[in-house]
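Me: I would like to learn how to read a few features of a protein model, one at a time. Could you take me through them slowly?

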Amino acid sequence: MVKFVEMDEKVTISSQMDENIGPVILINTYNVNPDDVDQFLKMWTSRAEIIKKQPGFLSAQLHQGISGSSTFINFMVWESVALFKRAFSNHDSIPYPDYPAGTVESAHLFKKVAVWTKSLTNI
């Protein structure tokens, strides 16, 4: 069973789903036992195949910490909070994965506030 920990103890992901904005970025962090990395990657990939078919889904990237780290960050872009909420409220269309025991997950919705490029120009 996955242990879920809020990224922001004052603002839960559940309360964020009441917002009416878009686009939004879902960031998940996963801390996985080193022996379970392969199993985690299989589960994440399987779930991503289902998620990418959902209305409002734009993209996803999974990143792994370097130097043997078993910490992962998922960066997923959605057209809006409403479409994100619709996709994840229906557990029949996106069942919650059976990630390896001991996995700790955090999730939070973000909006873009600035982008910096190599030229250090704010876009």
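Me: Which residues are exposed on the other side of H2?

Reply: Before the answer, please keep in mind that this is a predicted model, in which local features need pLDDT of at least 70 and side-chain atom pairs count only at pLDDT 80 or more, while totals for chains, interfaces and linings use all residues. Residues are numbered from 1 along each chain as its sequence is written, and side-chain values use heavy atoms, with hydrogens and water left out. Helices (H or I, at least four residues) and strands (E, at least two) are DSSP runs, numbered from the N terminus. Buried means under 20% relative accessible area, exposed over 50%, and partly exposed in between, with a 1.4 Å probe and protein chains only. On the other side of H2, the exposed residues are Asp38 and Lys42.

Me: Which residues of H2 are buried?

Reply: In H2, the buried residues are Val37, Phe40, Trp44, Arg47, Ala48 and Ile51. They cover an arc of only 105 degrees around the axis, which puts them on the same side of H2; the arc is taken from the directions from the helix axis to the C-beta atoms. What covers these buried residues includes strand E2 (24-31), E3, E4 and H3.

Me: How should I read a pair of aromatic rings, and how many aromatic pairs does the structure hold?

Reply: A pair of aromatic rings is described by the distance of the centres and the angle of the planes. Rings of Phe, Tyr and Trp (its six-membered ring) pair if their centres lie within 6.5 Å, and planes under 30 degrees apart count as stacked, over 60 as edge-to-face and the rest as tilted. The structure holds eight aromatic pairs. In one of them, the rings of Phe40 and Phe72 have centres 4.8 Å apart and planes at 40 degrees, so this pair is tilted. The pair links distant parts of the chain, since Phe40 is in helix H2 (residues 37-51) and Phe72 in strand E4 (residues 71-78), 32 residues apart. Both Phe40 and Phe72 are buried.

Me: Where in the structure is Ser70, and is Ser70 buried or exposed?

Reply: Ser70 sits in the loop between strand E3 (57-64) and E4, and with a relative accessible area of 13% Ser70 is buried. A polar atom of the Ser70 side chain lies 2.6 Å from the backbone oxygen of Val32. Leaving aside residues up to four places away in sequence, Ser70 touches several residues, among them Tyr30, Pro34 and Gln64, where contact means heavy atoms within 4.5 Å.

Technical notes
Polar contact = N/O pair within 3.5 Å; in protein donor to acceptor, adjacent residues only side chain to side chain.
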